[in-house]
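User: Could you take a close look at how the helices pack against one another in this structure? I would like one connected account of the packing.

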Amino acid sequence: MAKEKKACAKSQTKADAPKAKSCKSCKAAAPKPVPFKPLTKGDIVQQLADATALSKKDVTLVLDNIAPVIAKSLASSNDASFTLPGLIKIEKQFVPAKEGQKNVPDPFHPGQTVDRPARPEHYKIKVKALKGLKDMA
């Protein structure tokens with residue numbers, strides 16, 4: 001009997017895939033994944049300066065002044081929001097105070113009860129992705 005050559009894991013059906021082991025040639029031929037490196041502020045400034053007619057100094061000033069503009073617009077009222085058109089919407093939402101609760105059933109230890117402390121009123125910040133950002137994914 002001659003030895004039968006095993007088929008490559010890529011060429012087998014999905015039903016056979018869990019049983020099959022990949023061959024050495026597939027492992028050698030498969031490209032290694034490149035580790036993900038997020039862009040630094042300097043990289044972003046360089047790319048924006050290249051894409052526009054602005055200098056790196058001007059782009060840096062714009063990026064540094066976005067945060068105060070967002071803070072000013074969110075501080076204006078209780079339910080304020082800021083929108084970067086097509087990308088994100090940042091909303092500030094008021095959450096009223098909650099009273100404390102005593103003898104609430106503990107979901108992690110059946111038969112036991114816990115006391116929940118009161119929570120003061122506060123604000124939530126929600127960031128929503130808009131259509132332009134969703135389409136990029």
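Analyst: Axes here are lines fitted to C-alpha atoms, for helices over the stretch in contact, and angles run from 0 to 180 degrees between N-to-C directions; helices are DSSP runs (H or I, at least four residues) numbered from the N terminus. This is a predicted model, in which local features need pLDDT of at least 70, side-chain atom pairs count only at pLDDT 80 or more, and totals for chains, interfaces and linings use all residues. Residues are numbered from 1 along each chain as its sequence is written, and side-chain values use heavy atoms, with hydrogens and water left out.

Helix α3 (residues 56–64) packs with helix α4 (residues 66–74) at an angle of about 25°, their axes lying 4 Å apart. That makes the two helices, α3 and α4, roughly parallel (angles under 35 degrees count as roughly parallel, over 145 as roughly antiparallel, 65 to 115 as roughly perpendicular and the rest as oblique). In α3, V62, L63 and D64 meet I66, A67 and P68 of α4, where contact means heavy atoms within 4.5 Å. By class, this contact of α3 with α4 has five nonpolar, no polar and one charged residues (Ala, Val, Leu, Ile, Met, Phe, Trp, Tyr, Cys and Pro count as nonpolar, Asp, Glu, Lys and Arg as charged, and the others, Gly among them, as polar).

Turning to helix α2 (residues 41–51), its axis and that of α3 come within 9 Å and cross at roughly 120°, and α2 and α3 are therefore oblique to each other. The contact is made by K41, I44, V45, Q46, L48 and A49 of α2 and by K56, V59, T60, L63 and D64 of α3; by class, the contact of α2 with α3 has six nonpolar, two polar and three charged residues.
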